[in-house]
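Take a look at the sequence and the model below.

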Amino acid sequence: MVGVYGAIFGFIPFYAFVLHYNAAQLIIGTLIGLGIAVSAIEGAFAQMFKFRKRSSYPATLLVEIGAATTVEQAHSQLLDALAELFKLSGAALLLDNAEPGDETPALGLDSNRVQCLRTSIGPQIETVMKSRRSLSQTVDSPIACANDRSRQALAVVPVLAWGRPAGVILMLSPTGKDLGDHELLDGIGVAAGVSLENLRQQDHLQDALSVLQATLDSTADGIVVVVADRRIASYNRRFLEMWQVPEHLLSGGDGAASLADWVLNRVENREEFEQRLSDLQGDGSVDSFDQLRLKDGRLFEAYSQPQTIEGNIVGRVWCVRDVTERAQSEQTIRRLAYHDALTDLPNRALFTDRLTVALAQSRRLHQPVAVVFLDIDRFKMINDTLGHAAGDDVLRSIGAELSTLVRDGDTVARIGGDEFTLLLTGVGGDESIAAVAGRILETIRRPRTVGEQEIHVTTSIGIAIFPQDGDDAETLLRNADTAMYRAKAQGRDNFQTYTPAMSDEIVRRVSTESDLRRALDRSEFAVYYQPQLDRATWEIAGAEALIRWHHPVRGLVLPGDFISVAEETGLIVPIGEWVLRAACRENKIWQDMGLPPITVTVNLSARQFQQANLVAMIAGVLAETGLKARYLELEITEGTTIKDPEFAAAVIQELRDMGVRVSIDDFGTGYSSLNYLKRFRLDRLKIDRSFIDELTTSPNDAAITSAVIAIAHSLGLGVVAEGVETQEQLDFLVKHDCDTFQGYYIGRPEPAIMLQGLLQAPQVRLDSIRTRYPRLVS
Ligand code: C2E
Ligand code: CA
Ligand code: CA
């Protein structure tokens with residue numbers, strides 16, 4: 001400014017001389033004026049140049065700082081630029097938002113000096129912050145914290161970000177160049193503030209954007225933003241993975257367009273999906289949800305939502321999820337829920353559903369529906385003997401066989417361990433159902449190979465028919481089950497159709513259980529004894545103890561009607577112990593009476609045999625009753641030994657060591673062979689009644705019986721024939737060297753007093769037997 005005025009005032013004397021003075025004066029004046037003017041003009045130019053330069057400082061700063069990519073970089077570029085522009089010896093940037101540990105950005109000043117400066121001009125800084133105006137002064141070196149003793153110019157400039165003071169810039173200059181220009185300093189403060197704030201916000205935005213991108217990339221969903229003209233505006237990494245987008249598509253020229261095409265080409269039904277897309281374009285405001293089947297078999301779920309900017313729809317954001325696995329597992333779960341995993345047949349739930357549907361149909365068409373309930377005989381035995389894997393094999397093969405035996409529309413289901421059910425529709429009355437049942441029995445009966453073993457499996461079948469045997473699925477199933485039970489009771493390997501009387505039987509079974517629980521306490525049991533005749537002496541050498549139940553309402557109940565219930569419920573354990581004690585006590589009494597000593601035979605159920613304290617219990621009973629061990633014989637069945645032969649052998653050994661005799665009951669009905677029995681140290685075996693029954697009519701049974709006797713003898717075992725009812729049977733058995741006979745022909749099971757009588761005075765029948773067959777020993 002001074003220069004401009006200088007120039008104007010320089011010209012005034014120049015013109016004054018030109019207008020009013022003589023030549024000499026004029027020349028002198030001119031020279032003087034020119035001198036003044038030149039200096040003035042020079043000053044003015046200098047001033048103007050300077051002014052221009054200084055006014056560009058803020059812009060320079062904006063450019064310099066704006067080029068920075070990090071806040072730290074911006075700080076140092078700011079200080080560098082200021083040092084350059086103002087020829088500074090030192091500068092520092094004291095910002096409010098600096099973290100406590102942060103190094104204060106400084107130039108030409110170490111951190112100690114910055115700290116020193118900050119404290120020595122604390123009040124000034126505060127004033128500047130409050131007034132938002134810069135302040136400059138000349139300070140001595142102690143205040144300037146300078147090393148030398150020089151005086152320095154100091155400027156404190158407020159950094160203003162959008163009018164808000166954000167800190168101060170301290171500038172130290174030995175020359176003081178421009179540091180008095182407050183307008184300039186304030187401008188610089190604003191420029192620095194705005195730039196830094198901008199950068200800080202950008203930094204935040206960058207942060208936010210990177211977090212957003214990372215979030216999008218880490219989601220399981222492929223996300224894609226589609227804008228006008230089906231152009232893909234952005235997407236996340238997952239999107240590319242899901243659609244298996246090749247690299248070249250992304251780097252290529254018209255990436256977005258070919259990307260859209262690539263995606264559409266993967267969809268199995270492209271036209272349909274494109275139609276859907278144009279529908280959505282028509283009404284851009286709605287959300288959409290679609291399932292997309294891809295050509296490679298995957299299943300995607302696509303959810304889309306309009307993207308709006310200030311209320312205007314600009315595109316659509318798609319979230320695409322790969323649900324292939326989920327869909328598959330849902331299908332598996334559905335299948336598992338309705339199918340049996342082992343055989344892959346429908347399970348009970350599906351069977352019941354289908355039955356219900358079939359019943360509804362049959363009601364309209366007045367057609368019968370048959371429910372066939374099938375249970376494998378002694379399946380537990382197969383499992384126990386051959387192992388569960390073999391059991392599973394048997395179940396699978398039976399399931400497969402059953403499926404081949406029914407018509408296409410019929411259902412075969414596995415509804416429990418070894419239980420199968422069949423739903424037969426359009427059956428032509430009892431006749432054809434009987435035919436189906438017969439076919440099933442025959443098919444299952446065929447020998448099958450499991451592992452290396454050939455085994456024989458049979459089934460018991462119960463049948464219930466709609467409408468006569470039930471009106472709903474549940475009743476029909478229950479009644480078919482009841483009929484199946486009946487088939488089991490009839491000796492297995494047969495089929496029974498339901499009759500209402502069968503239900504009565506089931507009811508009786510249930511009441512049997514509850515009555516049995518009280519029977520011991522109420523002393524409703526009794527032991528009957530059936531004599532055993534010895535071939536060597538033709539004397540009564542033993543008696544089998546057989547339980548009887550005097551039911552308060554039903555009268556005399558035979559073991560066949562309650563032993564199985566007692567076994568199932570475990571009640572057989574206390575009941576069996578009671579029989580044992582009674583038999584031992586009775587036998588001791590007979591001996592004490594001076595009657596010829598006999599062996600009493602007591603049946604042991606498998607359940608009792610498993611009891612850990614069995615041997616101790618028996619020893620206890622013997623001690624308690626005083627009966628010598630050799631007058632007690634225990635009968636076990638083959639089934640008892642099969643489950644755990646090692647264990648059985650050990651228990652048998654312990655019993656024998658004690659002096660108790662052990663025999664195998666019902667020989668020939670189980671799975672074992674004489675060879676198998678060799679490993680147990682037994683005393684005798686009892687040939688099952690079923691062989692004796694037809695001894696004189698069936699050559700087969702006769703052959704088996706004579707062979708069993710011969711082999712048993714060769715193994716050192718005694719043989720008892722049970723169920724001897726006729727003289728012919730006895731003749732045969734005597735002829736083939738059987739050792740002991742038991743059966744109605746010799747004597748029925750009777751109360752203790754009757755056996756006592758027999759022992760005291762052998763009956764006439766025994767006399768006739770004795771005369772017929774002479775004694776072997778005397
Ligand atoms: P089991 O051990 O085979 O007993 C022989 C069964 O055959 C007895 O039936 C007996 O009365 C019957 N019997 C004997 N001789 C003849 C005959 O000549 N002809 C005919 N038709 N039958 C004859 P019971 O007493 O009804 O016993 C049936 C089954 O109940 C027994 O078969 C046995 O397994 C079981 N049982 C009986 N008492 C007990 C017991 O105290 N404990 C255990 N665990 N089971 C017992
Ligand atoms: Ca027996
Ligand atoms: Ca028997």
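## Helix 18 and its ends

Helix 18 is followed by G491, and the phi of G491 is positive, near 105 degrees. This is a predicted model.

Now look at the helix itself. Helix 18 covers residues 473-489, which makes 17 residues. From first C-alpha to last, helix 18 reaches 24 Å. That is close to the 24 Å expected at 1.5 Å a residue. At the start of helix 18 sits a contact from D472: a side-chain oxygen of D472 comes within 3.2 Å of the backbone nitrogen of E474. Helix 18 also has buried residues, among them A473, L476, N479, M484 and K488.

## A serine in helix 14

Helix 14 runs over residues 348-365, and S362 lies in it. Is S362 buried or exposed? S362 has a relative accessible area of 5%, and buried means under 20%, so S362 is buried.

## The calcium ion, ligand 2

Which residues coordinate the calcium ion (ligand 2)? They are E544 (OE), N603 (OD1), E635 (OE) and D665 (OD), at 2.1 to 2.4 Å. In sequence, these donor residues are spaced E-x58-N-x31-E-x29-D. N603 lies in strand 21 (residues 599-603) and D665 in strand 23, so this pair ties together parts that are 62 residues apart in sequence.

How covered are these two residues? N603 is partly exposed, with a relative accessible area of 27%. D665 is buried, with a relative accessible area of 7%.

## The calcium ion, ligand 3

A second site comes next. The calcium ion (ligand 3) is coordinated by D665 (OD), D666 (OD) and two OE entries of E722, at 2.0 to 2.9 Å. The donor residues of the calcium ion (ligand 3) follow the spacing D-D-x55-E. Here D665 in strand 23 pairs with E722 in strand 25 (residues 718-722). The pair links distant parts of the chain, 57 residues apart. E722 has a relative accessibility of 11% and counts as buried.

How far apart are the calcium ion (ligand 3) and the calcium ion (ligand 2)? They are 3.9 Å apart. D665 coordinates both ions.

## The shell around ligand 1

Now turn to ligand 1. Around ligand 1 there are 21 residues. Of these, Q530, R548, D665, E725 and Y744 come nearest.

Strand 19 (540-551), helix 21 (572-592) and strand 23 (661-667) each supply at least two residues.

## Polar contacts of ligand 1

An N or O atom in the side chain of R548 is 2.9 Å from an oxygen atom of ligand 1. A polar side-chain atom of D665 lies 3.0 Å from an oxygen atom of ligand 1. With R689, the ligand atom is a nitrogen: it is 3.1 Å from an N or O atom in the R689 side chain. Taken alone, ligand 1 exposes 780 Å². The protein buries 84% of that.

Methods
Residues are numbered from 1 along each chain as its sequence is written. Chains are lettered from A and ligands numbered from 1 in the order in which they are written. This is a predicted model: local features need pLDDT of at least 70, side-chain atom pairs count only at pLDDT 80 or more; totals for chains, interfaces and linings use all residues. Side-chain values use heavy atoms; hydrogens and water are left out. A residue is near a molecule or strand if one of its heavy atoms lies within 4 Å of it. A polar contact is a pair of N or O atoms within 3.5 Å; within protein, one must be able to donate a hydrogen and the other to accept it, and residues adjacent in sequence count only if both atoms are side-chain atoms. Accessible areas come from the Shrake-Rupley method with a 1.4 Å probe; for residues, only the protein chains shown count as cover. Helices (H or I, at least four residues) and strands (E, at least two) are DSSP runs, numbered from the N terminus. The expected span of a helix is 1.5 Å times one less than its number of residues. Buried means under 20% relative accessible area, exposed over 50%, partly exposed in between (1.4 Å probe, protein chains only). Donors are N, O and S atoms within 2.8 Å of the metal (3.2 Å for Na, K and Ca); water is not among the atoms, so sites may look incomplete.
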